[in-house]
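Welcome, and please take a moment to look over the sequence and the model before reading on.

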Amino acid sequence: MSAPEKPSRAEAEALCPFQPLEKYERPLMPAQQSVRLFFTRLWQMLRRAEGGPFVAEAQLKGTRLRKLDAVAAPPSCGPLLDELELTVADWVAAGSPTPRTRLFVLPPCDDFGVIEAWAENKGHPVLEAPTRDSLVSAAPPVVPELDAEGVIVIPRLERWFLRHRNGLTLVRSLLAAIEARRGHCLVGCNSWAWAFLKHTLGANLLMPEPLIFQRFDGPRLRRWFTELAEAEAGTAFRLSRNGADVLAADAKGKPEDDYLEKLGAQSLGIPWVAWRMWRASLRTDEEEKRENGDKKKAGGPGERTLWVMDAPELSLPADHQQNALLVLHALLIHDRLTAEELSQVLPVVGETFIVAALDAAGFVEQTGPEIRCRALAYPAIRRELFAAGFPTD
Amino acid sequence: MTAAEQGKETAAKLINDLQDISFLQIGLVIAGTWFAIFLARRILPFLAERGPSQFRLFFLGLEPILRLFLLAGAVLWIIPIVFNITVQNFLVIAGAASVAIGFAFKDYVSSLIAGIVAIFERPYRPGDWVEIDGDYGEVRAVGLRAIQLQTAADSTVAVPHARMWTENISNANDGARTLMCIADFYLAPAHDAARVRSALQDVALTSAFLSYEKPVLVMLKETLWGTHYQLKAYPFDLRDQFSFISDMTVRGKLAIAEAGAVEVTAPAAASETPLPKKISG
């Protein structure tokens, strides 16, 4: 992970500092899309086909674009590293900071690790979480002394507990150690884990002003994706359904199409979700023709066109939905879990193949022994959990 | 015949002439009302089950209200078709109805009236979990004369609305989406109560069914047969209440054993026996 270059003046002007969590508002869907979406979801609710795939197949095939990284390169967090630095620069420089602890609550599925990357770039010490199996052992690990000089970074608070009757001891000790620390402490936490810790431990009393990035709505996504696409000059991103250039805007800055507004709303304003949806929606000429037939679309001479497909609406099937939701909820709270840890935090009785089904359908993915929710499926997961009455972030 | 005499005769006539009564219209009103009620009874529970859980109790509660208005509308529509409505005739009809009801349909009408009162007072609504005279279950349907409870043992119990006049009705959720669940534990008195209490608190806090909006409480009291712990918490969906209690009980037993305490058993009847008063002197 290399240190990011210093942002230019134009880039710096476009940066948005983090804001209080309670001020975060998800981007709204364009009106016409909202009506269409309402009827689509109503139809899905009434129909609720049984036994079908969890996620539309087209969404899961992944991109077949060879040069995808050239037009939508990682990292998935966009300008967040610079924005985080912009937010905390004065606080880090202060001799006796107020508040001593800054909490950054980020939505789940952040596989890049914004807080870790920032700490590494700036050379701040990172307090690594112990392994999860040690959290519920007879002799749980001891929290190290937080007496180092400078800024101590705890990037993932969600890794310090397990939703198990013995799994809260260490995080309690950690919060007590943070409270006792006199110097800077920067804490990162997944928004679902934060909702849980607020309720169970009253952690919000210790860190009452969590911060979050500003939402990635249509204009922010357009700016970001345009910057990424500049690496491959001469490439146009045209909507498969009408040929409109997704990144183009007229002289007044009005976009040719509201696709990115819709993408911002679909991705809940989360950059890594939007980035994955964006990459998953891109098709080469050949791929587009294969999927939609040989329809001639607009495009200037010498222009290389990438076709942008509309993201389908995802929904869980009726079968075993309650167990599937319990699994997904546990994964969101913990960020990732092994199968054994999952069984420790779930009340499921008897054998279950839910995880295998969710994996096959693309709602979760396995990295080694660990299972986690896919960023691409997160909006659908969140919507289903909310509709089923689960506590959300 | 003068106009005054004609008017007097018209006023005295209780029922319209048969040739003036449109039986087709009456039939259509009855069929239309029946069909509308039939649709409401099918569609609203369907929407309640398929739609977002936030609206479940709203859809379920809408059905009896809608039915009441549909029936009232149908009755008000049909009466002027059949009867010649004047103040005098109204009193005659009311008197005759009172006699018939008083002798023949007293209990039935009492239940009907209690059903109407129940719609406004709301001692129970569809989707609520109530206990009436020892029967605990979910109110599946609120009919004209009775409600249907579905118990945890999957039995359906019909309870006439008239029971409302004489019985206490215990409503566990009262229209809310959650209700308090209690897991009971009885321990031998010699144990570290603070440790057990703390362990039980974590048992509830780490349950997958827990509602974040409500508190978790652990109550204990000494009884003749041991220490009685009550772990009280709320699930995020009241339909999970039995799973939630089971989950807290299973994990609570493990936590108690880990805390070095021992469970005891006691006859069910004894659990309600108060402690004897201390006799002084």
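Predicted model: local features only at pLDDT ≥ 70, side-chain atom pairs only at ≥ 80, totals over all residues.

Let us begin with chain A, which has 18 helices and eleven strands. Helices (H or I, at least four residues) and strands (E, at least two) are DSSP runs, numbered from the N terminus. Chain A has 393 residues, and 41% of them count as buried. A residue is called buried if 20 or more other C-beta atoms lie within 10 Å of its own, exposed if 12 or fewer, and partly exposed in between, with C-beta atoms placed from the backbone. Two residues are in contact if their C-beta atoms, placed from the backbone, lie within 7 Å. Among the contacts in chain A between residues at least 6 apart in sequence, 80% join residues at least 24 apart.

Now look for helix H15 (residues 321-334) and helix H17 (residues 354-361) of chain A, whose axes come within 10 Å and cross at roughly 80°. Axes are lines fitted to C-alpha atoms, for helices over the stretch in contact, and angles run from 0 to 180 degrees between N-to-C directions. Angles under 35 degrees count as roughly parallel, over 145 as roughly antiparallel, 65 to 115 as roughly perpendicular and the rest as oblique. H15(A) and H17(A) are therefore roughly perpendicular to each other. Asn323(A), Ala324(A) and Val327(A) of H15(A) meet Ile354(A), Val355(A) and Leu358(A) of H17(A) in this contact. By class, these residues are five nonpolar, one polar and no charged. Here Ala, Val, Leu, Ile, Met, Phe, Trp, Tyr, Cys and Pro count as nonpolar, Asp, Glu, Lys and Arg as charged, and the others, Gly among them, as polar.

Stay with H17(A) for a moment: Ile354(A), Val355(A), Leu358(A) and Ala361(A) are buried there. Seen down the helix axis, the buried residues of H17(A) fall within an arc of 135°, so they line one face of the helix; the arc is that of the directions from the helix axis to the C-beta atoms. These buried residues pack against H15, helix H16 (339-345), strand E10 (364-367) and strand E11 (370-373) of chain A. After H17(A) comes Gly362(A), with a positive phi near 90°. Back in H15 of chain A you will find Gln322(A), which is partly exposed, with 14 other C-beta atoms within 10 Å.

Chain A also has an open sheet of three strands, in the order E6-E8-E7 and with mixed pairing. Two strands pair if DSSP finds at least two bridges between them. The edge strands are E6 (235-239) and E7 (282-283) of chain A, each pairing on one side only. E7(A) runs antiparallel to strand E8 (residues 304-308) of chain A, joined by two bridges, and Arg283(A) has Trp307(A) as its bridge partner in E8(A).

Two peptide bonds in chain A also deserve a look. Most residues other than glycine have a negative phi, and most peptide bonds are trans. The bond joining Pro74(A) and Pro75(A) is cis, with omega about 5°, and the bond from Thr98(A) to Pro99(A) is cis too, with omega near -5°.

Moving to chain B, strand E2 (residues 135-142) and strand E3 (residues 146-151) run antiparallel, joined by five bridges, and form a hairpin with three residues between them. E3(B) also pairs in the antiparallel sense with strand E4 (residues 156-160) of chain B, over five bridges. In the loop between E3 and E4 of chain B lies Asp154(B), whose phi is positive, about 65°, although it is not a glycine. Asp154(B) counts as exposed, with 7 C-beta neighbours inside 10 Å.

Finally, where do the chains meet? The contact takes 20 residues from chain B and 21 residues from chain A. Helix H7 (193-205) and helix H8 (241-258) of chain B are the elements that give two or more residues to the side of chain B that touches chain A.

Technical notes:
Residues numbered from 1 in each chain as written. Chains lettered and ligands numbered in written order.
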